[in-house]
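Take a walk through this fold with the viewer open.

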Amino acid sequence: MNKVFYYELRRTVCSRFFVGLTAITLWYGRQILGTSTILGVAHTAPFSPWSFGNYLASLMPLLNVSLLFFLWNQCNHKARQVEALVITSSAHPGQYLLIKCCAAAAAWLISALLAVLLGVGFLLNLFGPAVSVARLMAPAALVLLPSLVFVLGTGLLVGRMHSGLLFVMMAVVFGWGFAPVPAAADLYRQNLFTRYPLTLPNLDPAFTVPPEAVIGSCLFIMAGAAALAVCVHRE
């Protein structure tokens, strides 16, 4: 099955969707870094975990649209025809579906890693030793992991119903980043980075996460994992 994984990953990474969407995401990320991140977010330093987390949160609508495009590339009619041939030859259907999901997730992680490296490189270039790269990893994980699991699982569930529904979901996840949602339902945690520091007593406080944000992120991960498990079990 390693050959299947590398084939699916190469098919996604070498597609025009991956190249185009990744280029747009990095271009938009550079605009965010040069306009809002460099000024600091919620009275915090530009190189603080709060500002870096807000930078990634601002990119999540585009990154999640990319993930759904990668899933569409795995769920469209042509991909389902190839899937039928592979399954009839040797592969277990559930295992094959899981391999395809891993390939889509790996392609998305490449795009996300490039965005992280862009942000870290930008801050290191401007602020040098003042930037603690290790401190930036906590907000990165908080932003990236729940979105990856939730959108991957629910997107696969929707895509297996009909691949065309993934385009509807793209509009939903993109609009999610701009809709006024409660803190618990904030998939991208933008409220955490832009508002929560203002409630803390110190100026430029250390990065902390309130319990409701942790619970909300865990619920998104559980929902995505459950949707993925349902898809694999159906196969």
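Buried means under 20% relative accessible area, exposed over 50%, and partly exposed in between, with a 1.4 Å probe and protein chains only. The model is predicted, so local features need pLDDT of at least 70 and side-chain atom pairs pLDDT 80 or more, while totals for chains, interfaces and linings use all residues. Numbering runs from 1 along each chain as its sequence is written, and side-chain values use heavy atoms, without hydrogens or water.

Start with the cysteines. C101 is buried, at 3% relative accessible area. C14 is exposed, at 60%. A disulfide is a pair of cysteine sulfur atoms within 2.5 Å. By this rule there are zero disulfides. For C101, the closest cysteine sulfur is that of C102, 7.0 Å away and too far for a bond. For C14, the closest cysteine sulfur is also in C102, but at 19 Å, again too far for a bond.

Next, the backbone. Most residues other than glycine have a negative phi. A42 is not a glycine, yet its phi is positive, about 55 degrees. H43 is not a glycine either, and its phi is about 60 degrees, also positive. A42 sits in the loop between α2 (16–35) and α3 (49–75). H43 lies in the loop between α2 and α3. Helices here are DSSP runs (H or I, at least four residues), numbered from the N terminus. Are these two residues buried or exposed? A42 is buried, at 18% relative accessibility. H43 is exposed, at 61%.

Now look at Q190, in helix α8 (residues 190–194). Q190 is buried, with a relative accessible area of 19%. Contact means heavy atoms within 4.5 Å. Leaving aside neighbours within four places in sequence, Q190 contacts A57, S58 and G177.

Finally, the helix pair. Two packed helices are described by the angle and the distance between their axes. Axes are lines fitted to C-alpha atoms, for helices over the stretch in contact, with angles from 0 to 180 degrees between N-to-C directions. The axes of α6 (residues 133–161) and α10 (residues 211–234) come within 8 Å and cross at roughly 30 degrees. That makes α6 roughly parallel to α10, a label for angles under 35 degrees. Residues in the contact include L142, F150 and R160 from α6, which meet a set in α10 including F220, L228 and R234.

Terms used:
Helices (H or I, at least four residues) and strands (E, at least two) are DSSP runs, numbered from the N terminus. Angles under 35 degrees count as roughly parallel, over 145 as roughly antiparallel, 65 to 115 as roughly perpendicular and the rest as oblique.
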